[in-house]
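I opened this model today to go through its fold piece by piece. My notes follow in the order I looked things up.

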Amino acid sequence: MRRRPGLSARLKLTLSYAGFLAVAGALLLAVVWMFILRYVPDNSQGLLGTSPNRYLLVRTFAPAAALAMGFLLVFGLVGGWILAGRMLAPLDRITAAARLAGTGSLSHRVRMEGRRDEFRELADTFDTMLEQLESHVAEQQRFAANASHELRTPLAISQTLLDVARKDPTRDRGELIERLHAVNARAIGLTEALLLLSRSDRGTFTRESVDLSLIAEEAAETLLPLAEQRGITLDVTGGAARAVGSAELLLRMVTNLVQNALVHNLPAGGTVTVCTEAHGGTSLLRVENTGRRLPPELVPTLTEPFQRGTERARTDEHAGVGLGLAIVHSVVRAHDGALELVSRPAGGLVVTVRLPGTP
């Protein structure tokens, strides 16, 4: 937005300093006039017949007063300009950093030294904002790159299958159709996951009172065949835990957590425990599973898009699209909650979701 040109802040401060100093000098001269000159006799003899009269004092005092006022004005302008420059110097550094950020360079920081005053707090706040913005932009760039790669993979596979079918007309069409169907289903699943992730990030959903215990039971009932197929015991315990949010998104969150716990588990004889409870004003959901031991430094990266276990998303039977925990994190954040992932010493993972509860 373009604005009309005007005085700079430094010039305004300079004029303010000079004006204040001139007013103070005028008041001082007025005090001198009122309390000294008014007591000087205004006659030809003067005070006691020896001192100058008021006329002579005024003739002598007026030029000196005018000279003093001129000196104060010049001194106020020069001193005010210097002081204003020193006071506004931190703003120049912040402005330079903002200009660099406007050109796309988010790595620059103000890093202002000195005591914590208003300018230091402003600079620290600006540095924090730049750090978060840089992290967010880097995350979005990684997400876009990974999403492009994951979307390109099924398209490339489909193109290869079609090329093979065109070059070899005698190839079994049934097998080709089945493989194309599987690849297309994976591409659709990835697209739906990306749309869900975008929707939860925007926070555009209807909020209502939801019982996490009922949602946990529904998710467990849906995934029970997968648990039986893999020989994993799936238990749902705990009591009612009411929260305010989208029942659809919260169901997807719990389903992703339980499915992730089932897929990344022991080959046989594993367990998955889902527990819900309410503590004061917080509703808690905990999903704990057995499995391989995870390094502690790996756990914080599991919520990044297209991250799965100790490697990137794969294309095996239950690999999904690598957005399971990323969607969980986005849904929890959209509901003003907190997500905590902790590796179990014996192997596996404990995921705890805390959401604001309702009375």
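Before the entries, one term: helices here are DSSP runs of H or I, at least four residues long, numbered from the N terminus. I also note that this is a predicted model.

**Entry 1: helix α7**

I began with helix α7, residues 324-334. I asked how many of its residues are buried. The count is eight of eleven, so I wrote the helix down as mostly covered, taking under 20% relative accessible area as buried. The buried ones are L325, A326, I327, V328, S330, V331, V332 and A334. I then looked at what comes after the helix. D336 follows α7, and its phi is positive, near 60°.

**Entry 2: L194 and I327**

L194 sits in helix α4, residues 173-202. Along the chain, L194 and I327 are 133 residues apart, yet I read 8.7 Å between their C-alpha atoms. Is L194 buried or exposed? Its relative accessibility is 17%, so it counts as buried.

**Entry 3: the sheet**

Next I traced the strands. I found an open sheet of five, in the order β2-β4-β5-β9-β8, with mixed pairing. Which strands are at the edges? They are β2 (233-238) and β8 (338-343), and each pairs on one side only. From one strand to the next, the twist averages 10°.

For β2 and β4 (residues 271-279), the sense is parallel, over six bridges. I picked out L234 and looked up its bridge partner in β4, which is V272.

**Entry 4: helices on the sheet**

Helix α5 (residues 212-229) does, touching β2, β4, β5 (282-289) and β9 (349-356). The direction of α5 makes about 170° with that of β2. Helix α6 (residues 247-263) packs on the sheet too, and touches β2, β4, β5 and β9. I noted about 25° between the direction of α6 and that of β5.

**Entry 5: aromatic pairs**

I searched the whole structure for aromatic pairs and got one. F71 and F75 form it, stacked, at 6.0 Å centre to centre with 20° between the planes. Both belong to helix α2 (residues 54-102); they are four residues apart, so about one helical turn separates them. I looked up their accessibility as well: F71 is exposed, and so is F75.

**Entry 6: the whole chain**

I finished with totals. The protein chain has seven helices and nine strands. Buried residues make up 33% of its 359 residues. Of the contacts with a separation of 6 or more, 68% join residues 24 or more positions apart. The chain exposes about 22,000 Å², and carbon and sulfur atoms supply 59% of that.

**Entry 7: confidence**

The mean pLDDT of the chain is 81, with 84% of residues at 70 or more. Where is confidence lowest, and where highest? I found the lowest in strand β7 (residues 311-312), at a mean of 43, and the highest in β5, at 95. I marked residues 310-318, where the pLDDT is below 50. In the model, this stretch still has 22 contacts beyond near neighbours in sequence.

Note on methods:
Residues are numbered from 1 along each chain as its sequence is written. This is a predicted model: local features need pLDDT of at least 70, side-chain atom pairs count only at pLDDT 80 or more; totals for chains, interfaces and linings use all residues. Side-chain values use heavy atoms; hydrogens and water are left out. Rings of Phe, Tyr and Trp (its six-membered ring) pair if their centres lie within 6.5 Å; planes under 30 degrees apart count as stacked, over 60 as edge-to-face and the rest as tilted. Helices (H or I, at least four residues) and strands (E, at least two) are DSSP runs, numbered from the N terminus. Buried means under 20% relative accessible area, exposed over 50%, partly exposed in between (1.4 Å probe, protein chains only). Two strands pair if DSSP finds at least two bridges between them. Axes are lines fitted to C-alpha atoms, for helices over the stretch in contact, and angles run from 0 to 180 degrees between N-to-C directions. Contact means heavy atoms within 4.5 Å. Accessible areas come from the Shrake-Rupley method with a 1.4 Å probe; for residues, only the protein chains shown count as cover. pLDDT is the predictor's confidence in each residue, from 0 to 100.
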